[in-house]
Amino acid sequence: ANVYCGSPSGSLTAMVNSLKSSGFSFSAYSAWESGTPRNMTSDRSSKNIEIVWLDVEGGTSYWYGSASSNVNWIEEWMNAAKSLNIAVGIYTSPYGWQDITASSSAFTNVPLWYAHYDSTYNFNDYYSYYYPSLLAWPAPSLKQYSGDQYFCGAGADKSWGPTW
């Protein structure tokens, strides 16, 4: 699809709606320090956000001291989001997930979006290197394969998924 960004003075909602009508879908990150999902419910609906991805990365300096405490916190966050009818997923890198959760398999029932900047838009690396030793999801949903890109004047990372 061809996408035209339009005037830089246009609103974010107008740009999102334009991109969505061209076939793009939108999701949002939530870093663990940003609080509970309750904080994002009204903004999510106004921006056509379909799923909120919990960002599980940053090393152990941003998380609790034990993997079990981190897994418990992630579970509480997921339950709170689901109670508000917010679709959720996990965004992480293979080694970040290992460091923070000890490669927990507790969340394989939600979509996985993993980061590996190898400039390829396929999941071959996932099955060759990460599954099942680091990431236990039978299949990922998205892969972030390239970072530091610019689209319509905004910084973005490139991601790929067969159904996204």
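The model is predicted, so local features need pLDDT of at least 70 and side-chain atom pairs count only at pLDDT 80 or more, while totals for chains, interfaces and linings use all residues. Residues are numbered from 1 along each chain as its sequence is written, and side-chain values use heavy atoms, with hydrogens and water left out.

Start with the layout. The protein has five helices and six strands. Helices here are DSSP runs of H or I with at least four residues, strands are runs of E with at least two, and both are numbered from the N terminus. From the N terminus on, the order is α-β-α-β-α-β-α-β-α-β-β. Of the 164 residues in the protein, 36% are buried. Buried means under 20% relative accessible area, exposed means over 50%, and partly exposed lies in between, with a 1.4 Å probe and protein chains only. Take the contacts between residues at least 6 apart in sequence: 57% of them join residues at least 24 apart. A contact means heavy atoms within 4.5 Å.

Now look at helix H3, residues 67–83. H3 has 17 residues. From first C-alpha to last, H3 reaches 24 Å, close to the 24 Å expected at 1.5 Å a residue. That expected span is 1.5 Å times one less than the number of residues. Which residues of H3 are buried? They are Asn-70, Val-71, Trp-73, Ile-74, Trp-77, Met-78 and Ala-81. These residues cover an arc of only 160 degrees around the axis, which puts them on the same side of H3. The arc is that of the directions from the helix axis to the C-beta atoms. The spacing follows a general rule: an α-helix has 3.6 residues a turn, so residues three or four places apart point the same way. On the other side of H3, Glu-76 and Ser-83 are exposed.

Helix H4, residues 94–101, meets H3. The two axes come within 7 Å and cross at roughly 105 degrees. H3 and H4 are therefore roughly perpendicular to each other. The contact uses Ala-67, Asn-70, Val-71 and Ile-74 from H3, and Trp-97, Ile-100 and Thr-101 from H4. By type, the contact residues are five nonpolar, two polar and no charged. Some cut-offs apply here. Axes are lines fitted to C-alpha atoms, for helices over the stretch in contact, and angles run from 0 to 180 degrees between N-to-C directions. Angles under 35 degrees count as roughly parallel, over 145 as roughly antiparallel, 65 to 115 as roughly perpendicular, and the rest as oblique. Ala, Val, Leu, Ile, Met, Phe, Trp, Tyr, Cys and Pro count as nonpolar, Asp, Glu, Lys and Arg as charged, and the others, Gly among them, as polar.

Stay with H4. Its buried residues are Pro-94, Gly-96, Trp-97, Ile-100 and Thr-101. Seen down the axis of H4, they fall within an arc of 160 degrees, so they line one face of the helix. What do the buried residues of H4 pack against? Their partners are S2, H3, strand S3 (88–92), S4 and H5.

Tyr-130 is found in helix H5. Tyr-130 is buried, with a relative accessible area of 6%. Leaving out residues up to four places away in sequence, Tyr-130 touches Pro-94, Tyr-95, Tyr-114, His-116, Asp-125 and Leu-135. Tyr-130 and Tyr-95 are 35 residues apart along the chain, and their C-alpha atoms are separated by 9.0 Å.

Turn to the loops. Gly-65 is in the loop between strand S2 (51–56) and H3. At 88% relative accessibility, Gly-65 counts as exposed. Gly-65 lies 35 residues from Ile-100 in sequence and 8.7 Å from it in space, C-alpha to C-alpha.

Most residues other than glycine have a negative phi, and most peptide bonds are trans. Asn-85, which follows H3, has a positive phi near 60 degrees. Ala-102 follows H4, with a positive phi near 55 degrees. Ala-102 lies in the loop between H4 and strand S4 (112–115) and is exposed at 54% relative accessibility. Ser-119 has a positive phi of about 60 degrees. Ser-119 sits in the loop between S4 and H5, exposed with a relative accessible area of 57%. A cis peptide bond joins Tyr-131 and Pro-132, with omega about -5 degrees. Pro-132 is in the loop between helix H5 (124–130) and strand S5 (142–151).
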